[in-house]
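Here is a short briefing on charged side-chain pairs. Take a look at the model before reading on.

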Amino acid sequence: MGKHDLDKFRGVIVAFYGCYDNKGDINPAAVRELARFYKNAGVKGLYVGGSSGEGMLQSTAERKLVLEAVMQEVGGDMTIIAHVGAPSTRESVELAIHAESVGADAVSAVPSIYYRLSPDSVERHWRAMIDSTSLPFIIYHIPQLTGFHLSTDMLKKLAAHENVIGVKISSESTYELQQFKEAGGSDFLVLNGPDEQYLAGRSVGADGGIGGTYGVMPELFLKLEQCIKDNKFEEAREWQYKINEVITALLKFPSLYGGCKALLKLRGLEIGEPRLPLLPVTEQNQDAVNALHEKLMGYIAEAQA
């Protein structure tokens with residue numbers, strides 16, 4: 001057993017959305033309302049400032065504001081992981097130090113984006129964050145967006161640090177997930193990233209998951225996780241299929257996050273539109289949003305029956 005409590009990071013962790021007002025500025029009140037919604041739904045934790053949170057489209061000051069609002073609303077009640085990855089190492093370290101100062105439970109980061117970096121560059125980037133706080137650190141592996149592919153050798157090297165507790169793996173290979181789990185060892189967390197294969201990831205060793213579409217249907221992912229825990233794999237597969245119906249429909253909108261925010265609006269949560277270049281839904285999409293909302297609410301009612 002290491003120095004960190006790993007149980008608090010297992011299970012369903014929602015990737016938190018960016019929340020804006022009608023001018024496109026951060027809306028702290030909407031942040032707090034959304035955080036409370038997830039807490040009341042029974043979600044264990046939140047991943048703040050990642051892809052779903054549009055962290056790369058926000059300033060350092062804005063990212064701090066979002067995390068502060070989340071911590072004020074549900075800090076201590078939920079596990080809060082702050083994504084602190086940024087283009088520069090200096091900015092990432094600043095965000096990591098801030099996350100510790102406001103009481104976040106862990107930090108996480110992608111490699112630096114835009115430049116094609118060597119493994120040594122990425123390792124130094126991550127280690128600067130790891131060494132800047134006493135918080136647990138979760139590697140974020142999403143090579144299709146960053147252009148950097150984490151090797152098992154590098155994973156083993158980083159996992160030897162007592163504060164590196166796991167990896168969020170958003171590549172599409174469950175084989176790679178299994179290899180990362182084996183490389184990290186029994187006390188190293190592997191968190192499934194692709195929402196459409198939550199069940200597949202859990203079946204080959206993932207300890208839980210962090211995902212963006214969890215946010216529009218936390219009830220379905222919680223139901224799926226409970227079926228897995230209860231060894232009801234036939235039922236779990238049925239819930240994964242229902243989840244994937246919703247995901248397939250969301251992917252038909254101008255942007256995934258635009259679709260997610262439109263669905264949340266119908267659930268009574270107004271968190272604005274995504275920031276450009278991410279596109280919002282249009283009036284032409286509204287009938288499809290309404291139909292998807294109706295289907296989703298039926299599935300939620302079934303999950304809670």
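A residue is called buried under 20% relative accessible area, exposed over 50%, and partly exposed in between. The model shown is predicted. A search of the whole structure finds 18 salt bridges in it. Side chains of opposite charge can pair when their charged atoms come close.

**A pair within one helix**
- Glu-123 and Arg-127 form a salt bridge, with their closest N and O atoms 2.8 Å apart.
- Both sit in helix α4 (residues 119–132), four residues apart, so about one helical turn separates them.
- Glu-123 has a relative accessible area of 11%, so Glu-123 is buried.
- Arg-127 has 24%, which means that Arg-127 is partly exposed.

- Asp-207 lies in the loop between α8 (198–203) and β8 (208–211), and Arg-10 in the segment before β1, so the pair ties together parts 197 residues apart in sequence.
- Asp-207 counts as buried at 13% relative accessibility, while Arg-10 is partly exposed at 25%.

**A link from the segment before β1**
- Lys-3 and Glu-162 meet through their side chains in a salt bridge of 3.5 Å, N to O.
- Lys-3 lies in the segment before β1 (11–15) and Glu-162 in the loop between α6 (152–159) and β6 (164–169), so this pair ties together parts 159 residues apart in sequence.
- Glu-162 counts as exposed, at 54% relative accessibility.

Terms used:
Residues are numbered from 1 along each chain as its sequence is written. This is a predicted model: local features need pLDDT of at least 70, side-chain atom pairs count only at pLDDT 80 or more; totals for chains, interfaces and linings use all residues. Side-chain values use heavy atoms; hydrogens and water are left out. A salt bridge is a side-chain nitrogen of Lys or Arg within 4 Å of a carboxyl oxygen of Asp or Glu. Helices (H or I, at least four residues) and strands (E, at least two) are DSSP runs, numbered from the N terminus. Buried means under 20% relative accessible area, exposed over 50%, partly exposed in between (1.4 Å probe, protein chains only).
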